[in-house]
Amino acid sequence: MCWLMSSLFDDRFEHPAGTYKKIFETCEELAEPLPATVTGRIPSYLKGSLLRLGPGLFEVGDEPFYHLFDGQALMHKFDFKNGQVTYYRKFIRTDAYVRAITEKRVVITEFGTFAYPDPCKNIFSRFFSYFKGVEVTDNCLVNVYPVGEDFYAVTETNYITKVNTDTLETMKKVDLCNYVNINGVTAHPHIERDGTVYNIGNCMGKGASLAYNIVRIPPTQKDKSDPIEKSKVVVQIPSAERFKPSYVHSFGMSENYFVFVETPVKINLLKFLSAWSIRGSNYMDCFESNESQGTLFHIATKDPGEYIDHKFKAAAIGMFHHINTYEDQGFIVVDLCGWKGFEFVYNYLWLANLRANWDEVKKAAMMAPQPEVRRYVIPLDVHKEEQGKNLVSLPYTTATATMHADGTIWLEPEVLFSGPRQAFEFPQINYEKFAGKNYTYAYGLGLNHFIPDRICKLNVKTKETWVWQEPDSYPSEPLFVQTPDGVDEDDGVLLTIIAAPGSQRPAYLLILNAKDLSEIARAEVECNIPVTFHGMYKH
């Protein structure tokens, strides 16, 4: 069912049956594609594949993974052909997965799960394996994106994994450190129409100073060489703290600028490098918050890549996903999904929390930072003498930017959407036509106390919202596919995978009309599908 509403959450859904626990359970890969049962009509222009990634193995032998981002990477694929749909999935053969399956235990430390040395080895080899330093995981469970003519499954470390998107076979592991100076890159690159890929990661700069590097990977090469070999750092952005980079999950890019939001959630590198090998830490143990920093907005030009040294600052937020970033009349408009305050939201994504009974889930979420969709506006033309006045003159926003005496420009956002413990997250837009441009519509996954239970559409200009929701149904991030001859920004469909564990067929691909979120078709399969994070539609 779907409806238009002034607030996304007038009609509050509860989940006392707790069937959402099923989306955090291990499932088997498939030997061959399963035919789906289609109701409604699949649009004839859907002839490609929906690719999705997420965790699929939540324990190895009798050793559990503890955090949502620890389960081993499972790739899902819905293929469209002549109005029919098939579903296929396969675990990605990462080192983390292959070694875990071979040794029947957690071998490589994940986000929130520490890998203990092999208990069968003698005391000396165990002792030395504690001091080998960190073996970084290649568990690429977050997203998939194209580089040249290839496709890579990714997480947030320096390893990306090439996959064959037809067969879902794992091809090879690539270490980006071999090509550019970064410690890791995000799972949310920006991809231009010609196939150029931009991404960001932190790095150790000259004299062990810390910085963030924006990396450019060129499009398909005429000589058929691998574009990754021609990766370059285009601009470096300084870090607010010398040994503590901020956690970075995504960044903004308009036609001519990069925007990097440096939040108060920090990775303590000294803790990461020292405590790791001795104490049995995981990545989560190395995060801390700088309660006094607030949030810093950095901007840099794209071509040529130059850092613009203005200090834009705002109140503390946690931030994972940018929605869109565009320029208008001398301003950069930055729309993002924020979480108020300086606390790290991942603290609330332990599997034990997410698998709790509904009352417990709600109780835990009451303590968490509050989600909000926000618009920040950054003035490009800044003069010291304009102290104390609002520098934003765009007629359609209440966001402000005010020069302080010390030269800092303080940013106050406009709130585009807010609902208590109801997040508009995993945002998507009509990316092909409106990335980096003035736009109207965002689509998102509605999180109700961290449980995904609705698909939402937001008009960022009027704040009007639409919702699709059904009882005991748990969707994933909606991906927008444009109608080939579409004229309007929202002429197209949304593709999302719904887990409905209590149903006769416990999962389905749902196709919604992007205009009003009405159902066009669904393709049901006779197997459970666990939670997925991000993915893409491959034409």
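User: Where is Lys224 found, and why does Lys224 count as exposed?
Analyst: Lys224 is found in the loop between β15 (210–217) and β16 (232–238). The model is predicted. The relative accessibility of Lys224 is 62%. Exposed means over 50%, so Lys224 at 62% counts as exposed.

User: What is noted about the phi of Lys224?
Analyst: The phi of Lys224 is positive, about 65 degrees, although Lys224 is not a glycine.

User: Why is Leu168 called buried?
Analyst: The relative accessible area of Leu168 is 1%. Buried means under 20%, so Leu168 at 1% is buried. Its place is the loop between β11 (159–163) and β12 (170–175). Leu168 is not a glycine, yet has a positive phi of about 65 degrees.

User: What makes Thr465 buried?
Analyst: Thr465 has a relative accessible area of 2%. The cut-off for buried is under 20%, so Thr465 is buried. Thr465 is in strand β32 (residues 465–468).

User: What separates the C-alpha atoms of Thr465 and Asp516?
Analyst: These two C-alpha atoms are separated by 9.6 Å. Along the chain, Thr465 and Asp516 are 51 residues apart.

User: What makes β21 and β22 a pair?
Analyst: Six bridges join strand β21 (residues 295–301) to strand β22 (residues 306–314). Pairing needs at least two bridges, so these strands pair, in the antiparallel sense. Phe297 stands opposite Phe312 in β22. The two strands form a hairpin, with four residues between them.

User: What is the peptide bond from Asp303 to Pro304 called?
Analyst: This peptide bond is cis, with omega near 0 degrees. Pro304 lies in the loop between β21 and β22.

User: How many bridges join β22 and β27, and why do they pair?
Analyst: There are two bridges between β22 and strand β27 (residues 409–412). The definition asks for at least two, so the strands pair, here in the parallel sense. Ile409 in β27 is the bridge partner of Phe312.

User: Why is the pairing of the six-strand open sheet called mixed, and what is the order of the strands?
Analyst: The order is β17-β18-β21-β22-β27-β26. Within this sheet, β21 and β22 pair in the antiparallel sense. β22 and β27 pair in the parallel sense.

User: Why do β17 and β26 stand at the edges?
Analyst: β17 and β26 (400–403) each have a single partner strand, so one side of each is left without a neighbour in the sheet.

User: Which residues have the most contacts inside the largest nonpolar core?
Analyst: They are Phe80 and Leu495, in a core of 108 residues. Leaving aside neighbours within four places in sequence, the residues in contact with Phe80 include Ile42, Leu46, Leu50, Val85, Leu495, Leu509, Ile511 and Tyr537. Contact here means heavy atoms within 4.5 Å.

User: Which residues does the second core include?
Analyst: The second core is separate and has 40 residues, among them Phe312, Leu336, Phe424 and Ala442. Phe312 also has a place in the sheet, opposite Phe297.

User: How many cavities of 30 Å³ or more does the structure hold?
Analyst: The structure holds five. About 80 Å³ of space lies in the largest cavity. Its lining includes Tyr145, Leu176, Val197, Asn199, Val215, Ile217 and Ser231. β14 (197–204) and β15 are the elements that give two or more residues to this lining.

User: How do the residues of the lining of the largest cavity divide?
Analyst: The lining has eight nonpolar residues, two polar and no charged. Asn199 and Ser231 are in the lining.

User: How much space lies in the largest pocket, and which residues are the closest to its centre?
Analyst: About 1,400 Å³ of space lies in this pocket. Of the 48 residues that line the pocket, Pro189, His190, Ile191, Tyr431 and Glu432 are the closest to its centre. The elements giving two or more residues include β13 (190–191), β23 (317–328), β29 (422–428) and α6 (431–434). The lining divides into 20 nonpolar, 20 polar and eight charged residues.

How values were computed
Residues numbered from 1 in each chain as written. Predicted model: local features only at pLDDT ≥ 70, side-chain atom pairs only at ≥ 80, totals over all residues. Heavy atoms only, no water. 1 Å grid on protein atoms, 1.4 Å probe; cavity = no way out; pocket = protein on both sides within 12 Å on 5 of 7 lines; lining within 4 Å. Points joined across faces, edges and corners; volume = space filled by probe spheres on them. Nonpolar A, V, L, I, M, F, W, Y, C, P; charged D, E, K, R; others polar. Core = buried A, V, L, I, M, F, W, Y, C linked by side-chain atoms within 4.5 Å. Buried < 20%, exposed > 50% of the residue type's maximum accessible area, 1.4 Å probe, protein only.
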